[in-house]
Amino acid sequence: MSHTSAHSSQQPCREAIVLAVQQHPSQPTPLALAKVAGLSLAQHCLYRLQAAGINRCTVVLGNHASQVRRHFEHIARSTTYGCHMQFVNVSDWQKGDGYSILQAKKTIKSPCFLITSIQYLLPVELIQKMVTHHSSAPVCIAVDSDAASPDETDLLKLQLQDHQAVALGCKLPQWNGRYAGLMYATPALLCTMETCCQQHQYSLAEALTAQQSPIPTVDAAKLPWQRICNYADIKKAQRHLLAQLNKNKQDGFFSQYIGRFVSSTLSVRLASTGLTPNQITCMGFVVILLAALLLATHSYPLQALGALVVVLACILDGCDGEVARLRCQQTPYGAWLDTVLDRYADSLLTLAITWASFQHTPQAWIWLAGSSSALGFLLTSYTKKEYQLRHAHPYPHTTMARLGQRDIRIACMVTGALLGFPFAAVIAAGVLSHVVVLWILLTGNFSAQAT
């Protein structure tokens, strides 16, 4: 089939066919239900498609169809997913993936669509590339041109030339690319699949081979995609996803070496709930309010309990962003809300500890010192944000800059409260914050010039 017969769409794809027919590699359950970092492979697939702009999905069911459908319907009903979903049951899905995809032909309403499988964990960036793909060709394939990639015998391999696939097959003798689990297609490809199935050629590879022209490709070699074939792949994918939760270029010392280890464990469990990242942010702020009430008392047991509650709030503060990254639901509003509530939280904790100290020592300098510390906490955040706004890049993540991170001052407050000296800890953290602000002001111009 020539490319000129295919429909050329200038509109981005908004529809996708999702294959969910596979069996779990090590359990008598469907692969779609396998959990990776707290979310099923079905959830990972749908959340990533949604984040890339897909708003309509046709799910092709095969093995354990009723069980898989219930799981997808549960996802569709959740508050964290907002796309239209429909289903196609394929009783003889064992014939091949091309045959299974063809059964979704009547559900396709768009001039272009994506085809993928829950067997692949795909980065949103790759999906977005395919969503915005413009070509007169009836199909475009995502490929990994990494020559060092392992040779998986049942994976579709391609011979690439000038960003086009000139030959493909699972047993291709010479190849320099692997199918990365995603393709852009038009109804013309489905017509080719129908012709192939009439000739008892049921695989996707056979339908692609039937194209009479080289197939354009999008390279995924530098992107973190993964195919799930066995239990080892599931564990590898989980390690990779959990490693992505860290914000090494933004975290302070405490968050990087202690906080993330605890929060990521909780985030894996929260990700499977119906809670949105913004709801988790608000939950953490409510916990901070409780901690402030406890710290405002001049009672060591209550202040020590308040310190432990602060730790819980900080763990939740890390979970909101981690859950957002697991579900690919990061939004500018969510980041902004988290930042604003963090500033309120710091001020409330400082005010509570200052009030408790004033009750014991009712002198004006107590409020002066407490206010100075609160100002330092606000200025560390403000100074770095202003630097980034004025210079169009963040302030270098130096040791001094990390000492001004929120986790350091919170750790000071918690330690001070547990030792019985919360106000002294607030003053120490405040002094450190002002030192960091002065350091940024003195070195900021040199850092900007060096960059």
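# Reading a predicted model, feature by feature

Colleague: In the hairpin of E9 and E10, 2 residues sit between the strands, and Asp162 takes a positive phi near 55 degrees. Where is the place of Asp162, by the elements on either side?

Modeller: First, a caution: this is a predicted model. Asp162 sits in the loop between E9 and E10. Asp162 is not a glycine, yet its phi is positive, about 55 degrees.

Colleague: Is Asp162 buried or exposed?

Modeller: Use the cut-off: exposed means over 50% relative accessible area. Asp162 has 66%, so it counts as exposed.

Colleague: Which other residue has a positive phi although it is not a glycine?

Modeller: His64, at about 50 degrees. His64 lies in the loop between E4 and H2. Its relative accessibility is 35%, so His64 counts as partly exposed.

Colleague: What should I expect of side chains along a strand?

Modeller: In a regular strand they alternate between the two faces of the sheet.

Colleague: How many bridges join E10 to E12?

Modeller: Two strands pair if there are at least two bridges between them. E10 and strand E12, residues 215–219, have 2 bridges and run antiparallel. For a landmark, find Gln164, which stands opposite Pro216 in E12.

Colleague: Now salt bridges. How many does a search of the whole structure find?

Modeller: The search finds 11. Start with Glu15 and Arg56, whose side chains meet at 3.3 Å, N to O. This pair links distant parts of the chain: Glu15 is in strand E1 (residues 15–20), Arg56 is in strand E4 (residues 56–61), and they are 41 residues apart. Both Glu15 and Arg56 are buried.

Colleague: What about Arg69 and Glu73, 4 residues apart: what separates them along the helix?

Modeller: About one helical turn, because they are 4 residues apart in helix H2, residues 65–77. Arg69 has a relative accessible area of 33%, so it is partly exposed. Glu73 is at 27% and also counts as partly exposed.

Colleague: Which residue forms a salt bridge with Asp342?

Modeller: Arg406 does; the closest N and O atoms are 3.6 Å apart. Asp342 belongs to helix H11 (residues 332–360) and Arg406 to helix H14 (residues 406–419), so the pair ties together parts 64 residues apart in sequence. Buried means under 20% relative accessible area. Asp342 has 11%, so it is buried. Arg406 has 14%, so it counts as buried.

Colleague: Where is Thr380, and is it buried or exposed?

Modeller: Thr380 is in helix H12, residues 364–391. Its relative accessibility is 2%, so it counts as buried. The Thr380 side chain also reaches the backbone oxygen of Phe377, at 2.8 Å.

Colleague: What is Thr380 in contact with, leaving aside its neighbours within four places in sequence?

Modeller: Gly404, Arg409, Ser433, Val436 and Val437.

Colleague: Last, the surface. Which residues make the nonpolar patch?

Modeller: Tyr300, Leu302, Leu305, Leu308 and Leu418. Their patch is about 440 Å². Ask next which element supplies it. Helix H10, residues 300–326, gives the largest share, 4 residues.

Colleague: Is Tyr300 buried or partly exposed?

Modeller: Tyr300 is in helix H10. It has 44% relative accessibility, so Tyr300 counts as partly exposed.

Terms used. Residues numbered from 1 in each chain as written. Predicted model: local features only at pLDDT ≥ 70, side-chain atom pairs only at ≥ 80, totals over all residues. Heavy atoms only, no water. Buried < 20%, exposed > 50% of the residue type's maximum accessible area, 1.4 Å probe, protein only. Polar contact = N/O pair within 3.5 Å; in protein donor to acceptor, adjacent residues only side chain to side chain. Contact = heavy atoms within 4.5 Å. Patch = residues over 30% accessible without salt bridge, like charges linked within 9 Å, V, L, I, M, F, W, Y side chains within 5 Å. Areas by Shrake-Rupley, 256 points an atom, 1.4 Å probe, with all protein chains shown as cover. Salt bridge = Lys/Arg side-chain N within 4 Å of Asp/Glu carboxyl O.
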